[in-house]
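Colleague: I am new to this structure. Please take me closely through one part, the place where the two chains meet.

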Amino acid sequence: MIKYEQKALLNNPYLPLSCRIVASTVQTDDTMLFKVRFEDDRDVEAFDHKPGQFVQLSVMGTGECPISIASSPTRHGTIDLCIRKAGRVTEAFHNLGQNAVFGMRGPYGNGYPVEVMEGNNLLIVAGGLGMAPLRSLLWYALDHRHRFKDIILMYGTKNQHDFLFKGELLSLINRNDIKTLLAVAEDIDGSWTGEVGLVTDLFDHAELDAGNTFAAICGPPVMYKYVIEKLLEKGFSKGRILMSLERKMKCGIGKCVHCSVGFKYTCIDGPIFTYWDAINMREII
Amino acid sequence: MKIVKLSKTNVFQFVDHLKSFGEVHAPQRKGKKSSAFQPVKDNSKLLLSDENYTRTILPIKKYFHKPIDTLLKFSPGKGFEDAYEEEEAKVLFGVHSCDISAILTLDRVFAGKYVDTYYFRRRKQIAIIGMSCIPDEYCYCHSMGTDFVEDGFDLFLSDIGESYLVKVGTSLGDDMVSTASDLFIDYDEKDTDEYKRRINEFPTLFVTKVDETNLPAILDMEYKSEIWEEMGDRCFNCGICSMVCPTCFCFDVNDELCIDGESGERKRCWDSCLFKSHAMVAGGHNFREKRSDRFKHRFLHKHQEFMGEFGRTSCVGCGRCTQDCPADIHFVGMVKRIKGDIACVYEGNNKK
Ligand SMILES: Cc1cc2nc3c(=O)[nH]c(=O)nc-3n(C[C@H](O)[C@H](O)[C@H](O)COP(=O)(O)OP(=O)(O)OC[C@H]3O[C@@H](n4cnc5c(N)ncnc54)[C@H](O)[C@@H]3O)c2cc1C
Ligand code: SF4
Ligand code: SF4
C-alpha cells in the first residue's frame, strides 16, 4: 500500500470541465472557428495559458481530441478553437451548434518559450491549419508589441478558400508595426490580390536578421521541410527555429504513450520543439 | 526493519487472519501450468514459495491499472463525473520481487506533474505481501537488479526452509503481524545463517543472464540495424508481450453510449504500441507504419528511453514476454544479439 498525499488524489486530471459554445464562424469548407467559454466563472478565472498550448476537447459519446488554443492569453474570458473536421470528435463538435455544452480540460503542453523570445524579432511562418496555434502567438506579440522587435507574418494556403482568419489577417496589412505577407498557391477565381505562390516564396520579400530572430513555424509536414531549408539558408541557428508537432494523443498528460517520439512525450515536452530537439528525436516528421 | 518468523505450519492461519484486512488474492492454478492472482476461497489451492510457481499470467498491474477501467460517467444533464467507485480493500499475497519492482516503476509513471487518480486511489486500497521465489529458465530478474526489493511491500516473506522470515515494510504490515502475534516468533542465529546461505546461492540459480550495461548507447548506433526488419517480419504484432508485461502501461480511451444515445461512460483499456493504430493520426498518416517500426519502438521505449527518463530500464526480467510470445521471440537473445554477444535471436523453440 502506498503512502500518497490525499490532496493529490482530489484532483482528477481526466475530468473535463463544462464549457459552452458562445459563437462560431465558418472558415473553410471543413473548418470552423469557435469561441467557447467555461460555464463556471471560477473556471474562467483559473484558466491561464501560453501561446502554443492546447486543450483536450470532449464531446459526450465520441471521446476526446487535442485542439490548439487559437486565441491569445491576453484576451481573457473566452477561448478560440479553430477546428477542422477530421473524424469522430471534430465532426461531432461541428454539429453541436450554438450554446451547446461540451467538455474541455487543459491547458496542456509546453507552449512557446515566450520569455526567451521576447526582446527579439519574431518571424511567424504558417501553412494551412498551422495558423491556428500561431494565431495565439501572433496576438500575444501584437498585444505586447513593445516586448518584441520586428514582427513578420508569412502565411500560405492552397487557395483562397482554405485561407483562415481572412478578414483579420488582411486587415493586418495596413498596420505598420507588423509586416504581413500572405500567399495562396493557386488563385482559383482571380480574386486574390496578394502573392500567388508558396509560403517559401514570401522569404524574397523580407529582410531577416537571423541572429536576433525567433522563427515559429507550423503547417503540414511537407511545409516544414522547405521552410526549414530556407531558414537554415538564411543563417538561422537550429535552436531559434520553433516547430509545433502533431501526434495522436489520448490523455494529454503524459500517461497513455500514444504521442511518444523518442525520449519525449509530445503532450508534455511539446508540442513546441526547436529544430535542434527535433533532429535529435526519432520518427519526427 | 522489523523482521519476525512465521512457521510454515501457521501460513494458512495467517492467510485467514489477513482476510480481516481485505479480500485476499493470491496465485492459484489457472491452466495445467499457468497461474493467476485470484480471490482465495480455499487456502489449500494457494501456490506458495515451495510450489515452484514462478510467474502469474498477468502481473499485479491488473489491480491498479485495470485492463478496462471506467474513468467517467456523462449525461447531458450532469455533464462529466468521476466514475471511480471505492472498492473494498484487498491484500495481494505472494507477490514476487520482480512484480513489486514493476509496481514501483509504474508509481513513477502514474505520478509526476499529473497524478493518475485512478491508479493511486487503488494503490491506497490494496496491500502487497511479497514472497521469495525460485527462478525458472525464463527469469532474469537478477540481471535486472529486481530480484531483491527493499520497498514496495507491506510484508515480505522469505523462505528459509521450515518457515518464512517476515520483513515488515509498513505500519499496515505491522498491524497485520501484531494483531496475530501468537503466529510469529523471533528468529535466531541459525535462521540468519540459512537466510544468508540462500541469498548468496540465489544468483547461481539463474540459467538466463544478461548484461544490459551500455545497451542504450549501443541501441543508438544500431538504430538502423537490419535486426529490426528481421524482427518485424517475425513479430505478429499481437501485443501479447505488452499485455503481460508488468511495466507496459499504454492505454486507449473510448466513450461508450447507453441505449438512450445521450449518456454513457468513458473507458480506458490496455493498448499496445505494437498495434497498427497506435501512432496513427487523423487522415491516416502513421508515424510507425511498419511492423518493424513498432517492434523497435517497444524495445527502445523499455530498454533505452526509460533509462533517460527514470534512470533504469523498465524491464524487470520477469520473463513473461519471452515465455508468451507466439512468434518465439526471445527478448534476452535480442539484447545479446544487439550487444554483439551472440548470433542468434530466437532460442525459444523448446518453449512449453
Ligand atoms: C497538439 C495538437 C494540436 C492540435 N490542434 C488542432 C487544431 O487547432 N485544430 C484542428 O482541427 N486539429 C488540431 N489537431 C489535430 C486534431 O487533434 C485531430 O484532427 C483530431 O484528433 C481528430 O480527432 P477525431 O476524433 O475528430 O478523429 P478520429 O475519429 O479520432 O480520427 C482520428 C483517428 O482515427 C484514425 N483515422 C482517421 N482517419 C483515418 C484514415 N483515413 N484511415 C485510417 N485511420 C484513420 C486514426 O487512428 C486517427 O488517430 C491537433 C493535434 C495535436 C496533437
Ligand atoms: S508477443 Fe511476440 S509476436 Fe506478439 S507482439 Fe510481442 S513480440 Fe510480436
Ligand atoms: S519486457 Fe518482458 S521480461 Fe521485461 S518486464 Fe516486461 S514482460 Fe517481463
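Modeller: Here is a walk across the interface, followed by a few nearby topics.

This is a predicted model: local features need pLDDT of at least 70, side-chain atom pairs count only at pLDDT 80 or more, and totals for chains, interfaces and linings use all residues. Residues are numbered from 1 along each chain as its sequence is written, chains are lettered from A and ligands numbered from 1 in the order in which they are written, and side-chain values use heavy atoms, with hydrogens and water left out.

Start with the contacts. On chain B, 59 residues are in contact with 42 residues of chain A (contact means heavy atoms within 4.5 Å). About 4400 Å² is buried between the two chains. That area is the accessible area (1.4 Å probe) that two parts lose on being put together, summed over both. Carbon and sulfur atoms give 59% of it.

Now the charges. There are 2 salt bridges between chain B and chain A. Each needs a side-chain nitrogen of Lys or Arg within 4 Å of a carboxyl oxygen of Asp or Glu. B:Arg266 and A:Glu64 form a salt bridge, at 3.5 Å from N to O.

Polar contacts come next. Between the chains, 17 residue pairs are in polar contact, with both residues at pLDDT 80 or more. A polar contact is a pair of N or O atoms within 3.5 Å; within protein, one must be able to donate a hydrogen and the other to accept it, and residues adjacent in sequence count only if both atoms are side-chain atoms.

Which elements of chain B supply at least two residues each to the side that touches chain A? Among them are the strands β4 (68-75), β11 (251-257) and β12 (264-270), and the helices α3 (97-110) and α11 (291-310). Helices (H or I, at least four residues) and strands (E, at least two) are DSSP runs, numbered from the N terminus. α11(B) gives the most, with 8 residues. By type, this side of chain B has 28 nonpolar, 12 polar and 19 charged residues. Ala, Val, Leu, Ile, Met, Phe, Trp, Tyr, Cys and Pro count as nonpolar, Asp, Glu, Lys and Arg as charged, and the others, Gly among them, as polar.

Last, one residue of chain A. A:Thr28 lies in the loop between β1 (17-26) and β2 (31-38) of chain A. A:Thr28 is buried, at 9% relative accessibility (buried means under 20% relative accessible area, exposed over 50%, partly exposed in between; 1.4 Å probe, protein chains only). Its side chain makes a polar contact with the side chain of A:Asp30, at 3.0 Å.
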